[in-house]
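The following questions and answers examine selected local features and interfaces of the structure shown here.

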Amino acid sequence: MIELYLFLIFMLVAAIIATEIKDLLAAVISLGAVGFSVAIMFILVQAPDLAIVQIVVEVLTIVIFVAVILKTTHIDETIAEKFSGTQVLATVLYAVFAILFFIAMVRAMNDIPPFGQATMRVAGQYIRLGLPRAGGANLVADVILDFRALDTLGEATVLFTSVIGVVALMRKIGRRQK
Amino acid sequence: MTIFVFCIALFLIGLYAIVTKRNLIKIIIGFALIEYSVNLLFALIGFRRGALAPIITKVHSAHNFVDPIPQALVLTAIVIALGTTAVMLAIALRIYERYKTFDIAKIKKLKG
Amino acid sequence: MKGMSLIVKTITNIMIGFIFLYGVYIILHGHLTPGGGFAGGVIVAGVFVLRYLAFGGSKAGEKKSSITASVFESVGALLFVIIALLGLLIAGVFFFNFLPKGTPLYLLSAGIIPFCNIAIGIKVGAGLFSIFLALAAFKYIMED
């Protein structure tokens, strides 16, 4: 399992680069590095469904980001400036919060099952009944489209809303004339 | 447990970008990082050592699979993440069209 | 917008059918192999994005394809809800798997799951392509 840790360290480095670099295109490429590492980790933890979706969604995400950045500007001019007082204050406050949050989360992580030994209380039933009740060989498809289909309906609603939101934000008709 | 802590660290980097950065694109990148970390944490919680991917290949065989429920939850969350990112980018584009900057401090000053 | 160079256009012409076929395969075999409506839908959206990026789009073409994408997205969503309502009508349970299960591990199995996958595939593909079109067509507004 050492490769999981290597990928996680790579992701942390890429994430720090993505937040701190001046060129926004480079930041988006670093974000893509994080996303594709997530896809590889999904394969390593035996989730091929998630890996397929993550790869294709990551490609589309980067295409949309690049389309937006190419139309506007690719320089983050806030990085070069001197730190203002409020920014230093925000960073210090965030550091305090992050340390407290980190300690709390580490304590909370002690209560969930350790890595590699998931308790399968609900899932055991789904695995046993998946083929006889739902009939699909892919148990993830059984869960999202048969046992928990209402989740998927809610997801479809959210996606529909976001499409309507983007189209309404981007349309030209009804905009105020300059 | 160490591997969960790494996911929390990734989450905190994303939150750092949202809270302290002044560039709108950087803030959206922070949201994307948080989404990755949470999705990854879910998939890692459902992992079992020595288990197979939850896909049945023979009808009567031993069922030694990883947990399919977190995978089903994350599967929908990944696509939603793309939708929310697109909405945020659309809002950022409109803001840039109006103020010609991504800096939220300058946007606050340029009212009207 | 004239699109990219001749090499990109030729390669796109050759590959685009195969990628579309792969997306359809992923949607149709969602109940047997990894994949399903979400993954296949995004791949199908990626085909149209690739075509747009390689060949460029005109103002009229964008409007037309954006309307078509909206129609397809609504059709996908409606199909999904109709399948769910048929379950309610036939067995009294929303999203009831009312079709016969068929032989396990064959393409015609799993009742309503393949049909739900097709509906979700249409919906996700058309929805993501219309998101891309709305963000890509923005250049005309900036140039005005």
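**Contacts, interfaces and backbone**

Q: Which residues are in contact with E73(C), leaving aside its neighbours within four places in sequence?
A: The model is a predicted one, in which local features need pLDDT of at least 70, side-chain atom pairs count only at pLDDT 80 or more, and totals for chains, interfaces and linings use all residues. Residues are numbered from 1 along each chain as its sequence is written, chains are lettered from A and ligands numbered from 1 in the order in which they are written, and side-chain values use heavy atoms, with hydrogens and water left out. Contact means heavy atoms within 4.5 Å. With its neighbours within four places in sequence left aside, E73(C) is in contact with F160(A), V163(A), K123(C), A126(C) and G127(C).

Q: Is E73(C) buried or exposed?
A: E73(C) belongs to helix α3 (residues 59–91) of chain C; helices (H or I, at least four residues) and strands (E, at least two) are DSSP runs, numbered from the N terminus. Buried means under 20% relative accessible area, exposed over 50%, and partly exposed in between (1.4 Å probe, protein chains only). Because its relative accessibility is 3%, E73(C) counts as buried.

Q: Which side chain does a polar contact of 3.0 Å join to that of E73(C)?
A: A polar contact is a pair of N or O atoms within 3.5 Å; within protein, one must be able to donate a hydrogen and the other to accept it, and residues adjacent in sequence count only if both atoms are side-chain atoms. At 3.0 Å, the side chain joined to that of E73(C) is K123(C).

Q: What area do chain B and chain C bury between them?
A: On the chain B side, 16 residues are in contact with twelve residues of chain C. Buried area is the accessible area (1.4 Å probe) that two parts lose on being put together, summed over both. Of the area buried between chain B and chain C, 87% is on carbon and sulfur atoms, and the total is about 1,200 Å².

Q: Which three residues supply 34% of the area that chain B buries against chain C?
A: The side of chain B that touches chain C divides into ten nonpolar, three polar and three charged residues. Here Ala, Val, Leu, Ile, Met, Phe, Trp, Tyr, Cys and Pro count as nonpolar, Asp, Glu, Lys and Arg as charged, and the others, Gly among them, as polar. The three that supply 34% of the area, more than any other three residues, are I55(B), V79(B) and L93(B).

Q: How many residue pairs are in polar contact between domain 1 of chain A and domain 2 of chain A?
A: Chain A is divided into domain 1 (2–136) and domain 2 (137–178), with bounds from an automatic or database domain assignment. Their C-alpha centres lie 22 Å apart, and the two domains bury about 780 Å² between them. With both residues at pLDDT 80 or more, the count of residue pairs in polar contact between domain 1 and domain 2 of chain A is one.

Q: Where does K100(B) lie, and is it buried or exposed?
A: Most residues other than glycine have a negative phi. K100(B), although not a glycine, has a positive phi of about 60°. Its place is in the loop between α3 (68–99) and α4 (104–109) of chain B. With a relative accessible area of 53%, K100(B) is exposed.
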